[in-house]
Amino acid sequence: MRIGFGYDVHKLVEDRKLILGGVEMTFERGLLGHSDADVLVHAIMDSILGALALGDIGKHFPDTDNKYKDISSIYLLSQVFELMKDSGYTIGNIDATIAAQRPKLAPYIEEMRLNIAHTLHTSIDNINIKATTTEWLGFEGREEGISAYSVCMIKKENN
């Protein structure tokens, strides 16, 4: 068994889609980034890569490489899944938190969990996603950006 931790943050800007957990949301702004800037999926990928001691997403999917421009983070998560599988591991569980003042994320959480569970070939029962505001404090509270945290446990596959 191994554990990993991930954190990511992206700035909210005009003229971008807001995508979290592979779900496109109705909101007046979206997250700025080289890919689709799915801050939740980025934190989850970093937690898995950390558990595998394989660096971070910047090492595997650099923002200097145009082949990752506007790419789906769910697709990138599927690539991290392949690295995990090739290393002989499977998901034990993931616990993630999104910090955003707005929009309200509760209506989207089950779909996010399904997307992530499907991509990682695991049960939805192994994926937990929470959302919180920062009570108007910090960059999230000022609605300048959104951050996400993830902890995962991976376990050796039984042969």
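User: Why does Tyr-7 count as partly exposed?
Analyst: Its relative accessibility is 35%, so Tyr-7 counts as partly exposed. Buried is under 20% relative accessible area, exposed is over 50%, and partly exposed is in between, using a 1.4 Å probe and protein chains only.

User: Before I go on, what am I looking at here?
Analyst: A predicted model, where local features need pLDDT of at least 70 and side-chain atom pairs count only at pLDDT 80 or more, while totals for chains, interfaces and linings use all residues. Residues are numbered from 1 along each chain as its sequence is written, and side-chain values use heavy atoms, with hydrogens and water left out.

User: OK. How many aromatic pairs does the structure hold?
Analyst: Three. The rings of Tyr-7 and Tyr-149 make a tilted pair, because their centres are 4.9 Å apart and their planes sit at 45 degrees. This pair links distant parts of the chain: Tyr-7 is in strand E1 (residues 2-13) and Tyr-149 is in strand E7 (residues 145-156), 142 residues apart. For the cut-offs, rings of Phe, Tyr and Trp (its six-membered ring) pair if their centres lie within 6.5 Å; planes under 30 degrees apart are stacked, over 60 edge-to-face, and the rest tilted. The strand and helix labels are DSSP runs numbered from the N terminus: E for strands, with at least two residues, and H or I for helices, with at least four.

User: How are Phe-61 and Tyr-68 arranged as an aromatic pair?
Analyst: Edge-to-face, with 5.5 Å from centre to centre and 80 degrees between the planes. Phe-61 and Tyr-68 are both buried.

User: Which residues form one aromatic cluster?
Analyst: Phe-5, Tyr-7 and Tyr-149.

User: Switching to H1. Why is it largely enclosed by the rest of the structure?
Analyst: Because twelve of its 13 residues are buried. Among them are Val-39, His-42, Met-45, Asp-46 and Ala-51. Helix H1 covers residues 39-51 and reaches 18 Å from its first C-alpha to its last, close to the 18 Å expected at 1.5 Å a residue. That expected span is 1.5 Å times one less than the number of residues.

User: What's the largest share of the core, and where does it come from?
Analyst: First, the core itself: of the 47 residues in the largest nonpolar core, Leu-20, Leu-40, Ile-48, Met-112 and Leu-120 touch the most other members. The largest share of this core, nine residues, comes from H1. A nonpolar core here is a set of buried Ala, Val, Leu, Ile, Met, Phe, Trp, Tyr and Cys residues joined through side-chain atoms within 4.5 Å. In soluble globular proteins, nonpolar side chains tend to be buried together.

User: What volume does the largest pocket have?
Analyst: About 220 Å³, where a volume is the space filled by probe spheres set on grid points, and points are joined across faces, edges and corners. A pocket is an open set of points on a 1 Å grid over the protein atoms alone where a 1.4 Å probe fits, with protein on both sides within 12 Å along at least five of seven lines; lining residues have an atom within 4 Å of a point.

User: Which peptide bond is cis, then?
Analyst: The one from Arg-102 to Pro-103, with omega near -5 degrees. Pro-103 sits in the loop between strand E5 (89-99) and helix H4 (109-119).
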